[in-house]
Amino acid sequence: MTVVRFYDSVADELLKFAVIVSRSGGKWLFCKHKERDTFECPGGHREPGEDIFDTAERELYEETGAIDFDLTPVCVYSVTAPDNFNGEETFGMLCFAEIRSFETELHSEIEKIILTDEPVQNWTYPLIQPHLLAKIIEKGLAE
């Protein structure tokens, strides 16, 4: 069973991922990876020595082409899943981005981004990312 938890903070060295729930022009933003038929929030792995907020900014740019945006840290999230990291709890930083402008083309493994009025139903990570989106809504950040 996959379990998603939320924390105010954890030791910085535990943060391995950043996920950025994003909006632009009043719409939700989702990414489609070139090798998948599903959608996800922008995000990814933290590089060695990288500040977690730099990870969030880098991943947001790489996966969406966002060049003008406000990035807000929300909270730490964790995932515990039997098929992931040997069932160990892993931690990431959840952020929210309001994106004002984008580059004209993407420079990553992302095939395309979509902007929608409603969240997607065909998630790449259906047991994780809907919980992250719900936390953003609960916090009132996506008004």
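You are looking at a predicted model, in which local features need pLDDT of at least 70 and side-chain atom pairs count only at pLDDT 80 or more, while totals for chains, interfaces and linings use all residues. Residues are numbered from 1 along each chain as its sequence is written, and side-chain values use heavy atoms, with hydrogens and water left out.

**The whole chain**

Keep everything selected and turn the view. The C-alpha trace spans about 40 × 30 × 30 Å along its principal axes. A compact globule of 143 residues would have a radius of gyration near 15 Å, and the 14 Å of the protein chain agrees with that; the radius is taken over C-alpha atoms, and the globule rule is 2.2 Å times the number of residues to the power 0.38. Of the 143 residues, 45% count as buried, meaning under 20% relative accessible area with a 1.4 Å probe, protein chains only. Now show contacts (heavy atoms within 4.5 Å): among those between residues at least 6 apart in sequence, 72% join residues at least 24 apart.

**Helix 1**

Next, select residues 52-64, which form helix 1. Show the side chains of its buried residues, among them Ile52, Ala56, Arg58 and Leu60. What covers the buried residues of this helix includes strand 2 (15-24), strand 5 (66-80) and strand 6 (90-102).

Zoom in on the start of helix 1, where a side-chain oxygen of Asp51 comes to within 2.9 Å of the backbone nitrogen of Phe53. Then move just past the helix to Gly65, which takes a positive phi of about 80°.

**His33**

For the last stop, select His33 in strand 3. Is His33 buried or exposed? It counts as buried because its relative accessibility is 12%. Its side chain reaches the backbone nitrogen of Glu35 at 2.9 Å. Leaving aside residues up to four places away in sequence, His33 touches Thr38, Glu40, Glu109, Ile110 and Glu111.

How values were computed: Helices (H or I, at least four residues) and strands (E, at least two) are DSSP runs, numbered from the N terminus. The expected span of a helix is 1.5 Å times one less than its number of residues. Buried means under 20% relative accessible area, exposed over 50%, partly exposed in between (1.4 Å probe, protein chains only). A polar contact is a pair of N or O atoms within 3.5 Å; within protein, one must be able to donate a hydrogen and the other to accept it, and residues adjacent in sequence count only if both atoms are side-chain atoms.
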